Amino acid sequence: EWIEGLPVFLAREVQQHSSRRSRVWVTYREGVYDVTDFLDLHPGGPEKLMLAAGRDVEGYWKSFPQHFEGAVGEILERHRVGNIVPASGGRFLQSSTSGGPLAWVWSMVGGDDQPVPANDIKKAQPLKTH
């Protein structure tokens, strides 16, 4: 679930965190998690968790359904560092540039995932906000 007030990351930012040196980040649904400090505690070993480094863990979890039981979700939430911008074929516009709460507006105008200046919001057709 989206948590207001947390930093917002693009998928390509998460992908840059795929080693212990750069910190190991994964995503799950709308969350971004820094699991670096959990690597050596992972019951399947750090190499299993590294398979998902910089990516979404959900596909891996479907192969190992024990991840959907017990306290796994609670453990993951302890490592949350932000929200991920939903995957899209369009562009997200940042409607607040003053450092206040972020509001992302889905736009039909683009094919990239770059936030664009708020003054470009006139191009948007708002379909989804956070």
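**Basis of the entries.** I note that this is a predicted model, in which local features need pLDDT of at least 70 and side-chain atom pairs count only at pLDDT 80 or more, while totals for chains, interfaces and linings use all residues. Residues are numbered from 1 along each chain as its sequence is written, and side-chain values use heavy atoms, with hydrogens and water left out.

**Overall make-up.** I find four helices and seven strands, taken as DSSP runs numbered from the N terminus (helices H or I of at least four residues, strands E of at least two). Along the sequence they follow the pattern β-α-β-β-β-α-α-α-β-β-β.

**Sheet.** I traced an open sheet of five strands in the order S1-S5-S4-S3-S2, with mixed pairing; two strands pair if DSSP finds at least two bridges between them. Strand S1 (8-9) and strand S2 (18-19) stand at the edges with a single partner strand each, so one side of each has no neighbour in the sheet. Strand S4 (residues 31-34) pairs with strand S5 (residues 80-84) in the antiparallel sense over three bridges, and I see that Tyr33 has Arg80 in S5 as its bridge partner.

**Arg29.** I then turned to Arg29, which lies in the loop between strand S3 (23-28) and S4 and counts as exposed because its relative accessibility is 54%. Leaving aside neighbours within four places in sequence, Arg29 is in contact (heavy atoms within 4.5 Å) with Asp56, Glu58 and Ile84. Arg29 and Pro86 are 57 residues apart in sequence, yet 8.7 Å apart in space, C-alpha to C-alpha.

**Largest pocket.** I read that the largest pocket holds about 460 Å³ of space, and that of its 20 lining residues the closest to the centre are His42, Pro43, Leu49, Trp61 and His67. A pocket here is an open set of points on a 1 Å grid over the protein atoms alone, where a 1.4 Å probe fits, with protein on both sides within 12 Å along at least five of seven lines, and lining residues have an atom within 4 Å of a point. The volume is the space filled by probe spheres set on the points. Helix H4 gives the most to the lining, with three residues.

Technical notes: Buried means under 20% relative accessible area, exposed over 50%, partly exposed in between (1.4 Å probe, protein chains only).
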